[in-house]
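Hi everyone, thanks for coming. Let's have a look at today's model together, one piece at a time.

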Number of protein chains: 2
Amino acid sequence: MLDVVDAKTTGELMAEIGRRARAAGRILATAPAERKNAALREMAAAVRAAVPDILAGNRQDIDTMTANGQAASFLDRGTLNAERIEAIARALEDIVALEDPVGSVMAAWDRPNGLRIERVRTPLGVIGVIYESRPNVTADAGALCLKAGNAVILRGGSDTIRSNRAIHAALQKGLAAAGLPEDAIQMVPVTDRAAVGDMLRGLDGNLDVIVPRGGRSLVERVQSEARVPVFAHLEGLVHIFVDKAADLQQSVDIVVNSKLRRTGICGALETLLVHEDVAHSHLPVIVRALQDQGCEIRGDARVRDICENIVPASEDDWSTEYLDRILAVKVVRDLDAAMDHIARYGSSHTDCILTGDQAAADRFQREVDSAIVLHNASTQFADGGEFGMGAEIGIATGRMHARGPVGVEQLTSFKYKVHGTGQTRP
Amino acid sequence: MLDVVDAKTTGELMAEIGRRARAAGRILATAPAERKNAALREMAAAVRAAVPDILAGNRQDIDTMTANGQAASFLDRGTLNAERIEAIARALEDIVALEDPVGSVMAAWDRPNGLRIERVRTPLGVIGVIYESRPNVTADAGALCLKAGNAVILRGGSDTIRSNRAIHAALQKGLAAAGLPEDAIQMVPVTDRAAVGDMLRGLDGNLDVIVPRGGRSLVERVQSEARVPVFAHLEGLVHIFVDKAADLQQSVDIVVNSKLRRTGICGALETLLVHEDVAHSHLPVIVRALQDQGCEIRGDARVRDICENIVPASEDDWSTEYLDRILAVKVVRDLDAAMDHIARYGSSHTDCILTGDQAAADRFQREVDSAIVLHNASTQFADGGEFGMGAEIGIATGRMHARGPVGVEQLTSFKYKVHGTGQTRP
């Protein structure tokens, strides 16, 4: 922990954090898997031992948030209890079980001259995580970056700063117990926005990528101001297209699950597009199933002709991520019209086609430019864990480096190892 | 070709080029391999048919460059003749033979719930190439981007603008003949620096990555000002470490080849590090072989003790990319000292260990943080063609997305296709 905060400006402090992270990253880059796993186990033990400290810090945080009149949903996300802290410790242990990506051979081939070439995973370097009011991110992000051999700089929101500090202290105890540098997981000890600005400018080349975890305004600021690469998605404006060859019961099940299983996640359905040939047969059944579970339907004129209790959809509804029990619904002429709508309003996150027609599915999955394109499955599967990738630090919609769920493999780079026996180039 | 140049400001012009590129990119993204290959063949034919136009344009360029007093090496790089134009046409045909990366399955796996997940290559989008005085880059870069389904915006140097325009006109004829949009390969028709500035700012989100091809000052400007990702290397400060277990004759052959085969390429050797245990046995032989071929040796005190006709090395020599018949040489204590030297002075491009000790080779290849790390082979193999990757657009030293040779595969992104049979998430 830096204990010299008061003596420095924020800029000096952040520059030093960057230098320390880079130095720790060099050590982590060649740390064996067993040592990183030992640290993760020690971190879990230290979190369990720190339950009283973490709860005490969290109580102060919650009191301050309550006094500041924060919304109930915000308070809930920030609140810890013994059960949630145990879940944090278990999540650390789960990361032990993931395969260490560093050093794994992604591809290998031989050249006619006898050279053997291997493409081998390496750490990315130093990762900055900027997050809001979810103390568990402190441990989750720290552990995932560590597993991939990266140093991490955590900058949590001021609302839960005491909870984050208590968790972070436990993580550093775990690192030290395993003989790894404490600077592998640093937390920015100040909460002014200048520190975020320094991170967005890349800490003099000592920060390689930034992952924002939080609301739209945070992601927007990071994406527009960052001078280093960003792994993020601004929103998940998720579509399902019910094709003319879609099975009715399957459509009801998948649409209801995609919209209502959890409405607040980025893979939740936001706009339903229905082929006009099945609008009369499928739409009323789907809509009723949703309405029965308290979902508001906002439809275009054709939806309102076919179904009852439909709120008229405005132009804004096609580009609104509700994250709530509301669904925008539109009847479309055909597959092309559905794909045009998605190209215009989508967020390149997750989209889905329901159809028994393999050719239609193939076209949709090839032509829709989203990180995740599903066929006959719930959009709520848009998740690193559900993909079998283990824990994820977020979902990215950019096209550079990481796209879709960002797990431990996506937090790596690579190098080429060339094995020769004396070859020179003619 | 845009014929409205005079009516617009550079900013308006560049914004329009960006929008056109994005629209063309959408079409290219789903263009079948056969159509892209047909375009490449038509482009080669059109280049051959345009030899008189290209030569006429090139003659004007060379006259202007000569009148401006450009250096001979610069003139040579810019000069075209029938043979060089034929090489350009053949290079276009060579790209036909490369496998189309778009749609290829990078990984596929099944989940316990029956979901099948595929990670599939997609184009990156729109690529900007900023280059200097090598007219062949017009065709090479255009063709490579096209093969990977990307639209490209070419901004060549003013010195060879007429040569570039003549080649570019042939490329667009080839695109049109194959039924692909001419905007797939656009050339910036103005030569003011404001156009480059617009590209560096990303053309309102219509430019996804920039590849600079040219001298250090160009790459430096692009790397420091670009708001979009850059695939580049600033320099190739390439090291060879002759370990104590290095074979003498192999060391001589590989060092001489690495330094002198071609001194002007980024994989050429610049600094030689020799283990002190073999300094007396190996160094004089290696140095004499280099000196016999006219290579100047700049050595530290220990090198000067052991060898004759050594220029004293200054601190600057350890960080100088000569691209010439000059080599910096230093005696080091051991493998760790060699790796420390490389970490301090290297450029993360290409480094090499010569040794018969597999454990030493393993450590070097694991711990040296460079895009390409060789064992017992010439550093001049640092090249996409030599790697078997086909044509390359350059070599990247960053850790994001592309690293090492940037070939057609590195110019792609990916998406996840999820194939279900009705699965909903519990």
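Here is something to start with: which residues does B:Ile210 touch, leaving out those up to four places away in sequence? Keep in mind that this is a predicted model. The list for B:Ile210 runs B:Gly128, B:Ile130, B:Met199, B:Leu200, B:Val222, B:Ala226, B:Val228 and B:Val230. B:Ile210 also belongs to the largest nonpolar core, which has 254 residues. Together with A:Val47, B:Val47 and A:Ile210, B:Ile210 is among those with the most contacts inside that core.

Now please find B:Leu207, in the loop between α8 (193–200) and β6 (209–213) of chain B. Is B:Leu207 buried or exposed? B:Leu207 counts as buried, because it has 27 C-beta neighbours inside 10 Å, and the cut-off for buried is 20 or more.

Let's go back to B:Val47, which sits in a helix contact. Helix α2 (residues 33–49) of chain B packs against helix α7 (residues 161–177) of chain B at an angle of about 140°, and their axes are 7 Å apart. That angle makes α2(B) oblique to α7(B), and their crossing is right-handed. On the α2(B) side, the contact is made by B:Ala39, B:Glu42, B:Met43, B:Ala46 and B:Val47, while α7(B) brings residues including B:Ile167, B:Leu171 and B:Lys173. By class, this contact has nine nonpolar, one polar and two charged residues.

Terms used: Residues are numbered from 1 along each chain as its sequence is written. Chains are lettered from A and ligands numbered from 1 in the order in which they are written. This is a predicted model: local features need pLDDT of at least 70, side-chain atom pairs count only at pLDDT 80 or more; totals for chains, interfaces and linings use all residues. Axes are lines fitted to C-alpha atoms, for helices over the stretch in contact, and angles run from 0 to 180 degrees between N-to-C directions. Helices (H or I, at least four residues) and strands (E, at least two) are DSSP runs, numbered from the N terminus. Angles under 35 degrees count as roughly parallel, over 145 as roughly antiparallel, 65 to 115 as roughly perpendicular and the rest as oblique. A crossing is left-handed if the near helix is turned anticlockwise from the far one by less than a right angle, and right-handed if clockwise. Two residues are in contact if their C-beta atoms, placed from the backbone, lie within 7 Å. Ala, Val, Leu, Ile, Met, Phe, Trp, Tyr, Cys and Pro count as nonpolar, Asp, Glu, Lys and Arg as charged, and the others, Gly among them, as polar. A nonpolar core is a set of buried Ala, Val, Leu, Ile, Met, Phe, Trp, Tyr and Cys residues joined through C-beta atoms within 7 Å. A residue is buried if 20 or more other C-beta atoms lie within 10 Å of its own, exposed if 12 or fewer, and partly exposed in between; C-beta atoms are placed from the backbone.
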